[in-house]
Amino acid sequence: MITKKLIIGIVVLLQIYTVTLWMGCRDFIANMHFSAFDSKLRIGSETANDKGYPIHIVRIFHNKLFTIIDDALNEYLGFWNIHFLSLFFTIVGFFGILCGFWYLLKNKNSKKLKWGIPLLLLLIPFIDIFNIRLPFWLQVLLLWIPYAAFSIYGIWNFLMYHLKTGLAITTGLILVSILYLFAFQQDIFGLFCYNK
Amino acid sequence: MKKSSLLIVLIVLLGVVLRFYNLDKAPYGLYIDEVSIGYNAYTILHTGKDEYGVTYPLFFKAFNDYKEPVYIYMTSAAMVLFGKNDFSVRFFSAFFGSLTILVVYLFTKLLLEREEKKQLKNQSQQELIPLITAFLLAISPWHIHFSRGGFEVNVALFFYLIGIYCAFLCWRKKASGFLIVSCISLIITIYTYHTYKILTPVTWLIIAGMLFFFVKKLRKKILIISGIFIAACIPLVVFSVTAEGSSRFTQTSAFSEIETKNPLLKFMLYPMAYLRNYLSFFSPDFLFSYGDHNGRHQIVGMGLLYKWQLPFFVAGFFWLLKQKNKLFKFTVLGLFFAAPLIPAIAVPSPHTLRNLLMVIPLSIITAAGVYYVFNLLNGYKKLLMLAILIIIACIEFGLYLHRYYAHYPNVNALDWGAGYKATADKAFVHSSEFSHIVVDKRLDFAPVYFHFYTPDLQITFVDSTWRKPEQWKNQKVLFIRPFYGNRNEKQSIDQVYLPGPNQDIFAQFWKL
């Protein structure tokens, strides 16, 4: 039990350290925010290739509704970029999130819990995607806290169900997370956010 | 005819139409590697030598990338049937791409059939999941795209699947004949595409090891066939240790971008670089939004899979993890996680072309998800869900076809060398009026395009300092050169627009 708590403690500390790195950012890069203006430009550039096509075809495939949905989904999927997640929640944290989903859906929890929590978690990234006007640190925390907590839930369950192998795997993943952060820390500012 | 047999015939026919329709015109123009394959296939067919004069080579030097031989020799065969044209270069990719649909159906069916003896109630599962898998592969943007270009990887994927399928058949029927077919198919893959040089021997090791362990009566034959497999790999191994053979690896190695001489840092950073690359192949934005951003590998603005597949993929993955049929579960998961193992060694990562194998487990998992989700529903909910799914899937599929045929030829002409083909065609049209045709080498890929499209024209390739020689004073010369400014009306008789990665230019035809 003590080892389990120790491992969880290390994971929490590692995740806290990671999130403090992100506090050095001004904002996420533009690609991670939805922009209706960009969608409008996209429709313009796409319809430029439709010379000679019947207008109803052009309207079916390049209308505001489809383009906005498509763009918003693209931004949303960008949030699930694994390199981003590995630098935002650490590798072990990302593993914990996956475990969290697995144990939540697999275990005999109440339906509300089983579907409510994943739904809520899946909707949280829209805070960033729709660029709700909040200070950046608050945006980061709103994204980070629920997932970090959920990853702890996942790791806790993982250790509970597979105590011996679980300890070895989680310890290994903590080491990998540290090395990964060491190797790609600069990608936080190079790929995913603007420096302050 | 059984209902499922009729359905699979219809699905394969759909796949054939999607892969062969307007094959020579869309994408418009052969891209640089296709032209190289075509030109080498042509010279092999007519002279028995490659473009450098080597007789029936095992590896083709091409652009110093030393291409694998299988696809080039296949293209020679296609040229016997259809002549020297774009269709011939792409024929075998489209052909094997269409056949892959059938093989993936049989493969999935075989994996699920093992459960049949234990659970008869799963009969619908055993029929529906393979059919849905085949259908998803038939309409897959990822698979259609690579089937419609002269991509060797598509042929390698077909033979790799045949290899695994026959190995499983050997396991089930305890007949060594299947193992021989499996061995031959897998040997073909290593001489078809780079990725399989490593993936296939590892696969064989697993196949032979498992068969040796489980099929005791075939042990002797397994050893003999493994010996044949190893013998067939020897030329590849010998070539790989030479400077030429390892050139491709050094050109694309993921580790070359880490600039450190400290061995401890290397020891720490190399695995991390590999891990980052490996994980990138599973990123949803790679699979469902943008692909690898290379316009030659997908339609720009579309992912490798349809977005409607995402929830079904997640459901299918969850279902798969809970599966009791270990053969099905571990084979599909094994393929899913093994597919990027070799591509992750190289940059850029993720890479759609090198990772094409992943389309197979993705189709199977998504099909399982469709089956699982619809099994959870009943009554009007099922019908409503089906109606919504069909509408969304049709819109996305229609959008894909619209982008492929309406947008892609314009937006990605650069990726397919369309301008170079037009330049060669126009040079041929003008050739009768001139005594000499001279082409400026600054038109980077011009030589290979001219060799392929206009092999009968006598063309001199020159550098930018070239001036018309004195001895040609009274002769008409067609000089084709890149031009960066406005058209020079006095000298220029024609021009072709050439989009470039940094700057769009014109190939301008000057009358000297």
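Trainee: Are C25(A) and C193(A) buried or exposed?

Mentor: Buried means under 20% relative accessible area. In this predicted model, C25(A) is buried, and C193(A) is buried too.

Trainee: Which residue does C25(A) join in a disulfide?

Mentor: Look for two cysteine sulfurs within 2.5 Å. Here C25(A) is joined to C193(A), with S to S at 1.9 Å. The structure holds one disulfide over all chains.

Trainee: Why is the disulfide of C25(A) and C193(A) left-handed?

Mentor: Read the torsion about the S-S bond. For C25(A) and C193(A) it is about -45°, so the disulfide is left-handed.

Trainee: What about C233(B)?

Mentor: C233(B) is in no disulfide. Its nearest cysteine sulfur belongs to C183(B), 8.4 Å away. C233(B) is buried, with a relative accessible area of 10%.

Trainee: How many helices and strands does chain A have?

Mentor: Chain A has 10 helices and two strands. Along the sequence the pattern is α-β-α-α-α-α-α-α-α-α-α-β.

Trainee: What share of the contacts in chain A joins residues 24 or more positions apart?

Mentor: Count contacts with a separation of 6 or more. In chain A, residues 24 or more positions apart account for 80% of them. Of the 196 residues of chain A, 47% count as buried.

Terms used
Residues are numbered from 1 along each chain as its sequence is written. Chains are lettered from A and ligands numbered from 1 in the order in which they are written. This is a predicted model: local features need pLDDT of at least 70, side-chain atom pairs count only at pLDDT 80 or more; totals for chains, interfaces and linings use all residues. Side-chain values use heavy atoms; hydrogens and water are left out. Buried means under 20% relative accessible area, exposed over 50%, partly exposed in between (1.4 Å probe, protein chains only). Helices (H or I, at least four residues) and strands (E, at least two) are DSSP runs, numbered from the N terminus. Contact means heavy atoms within 4.5 Å.
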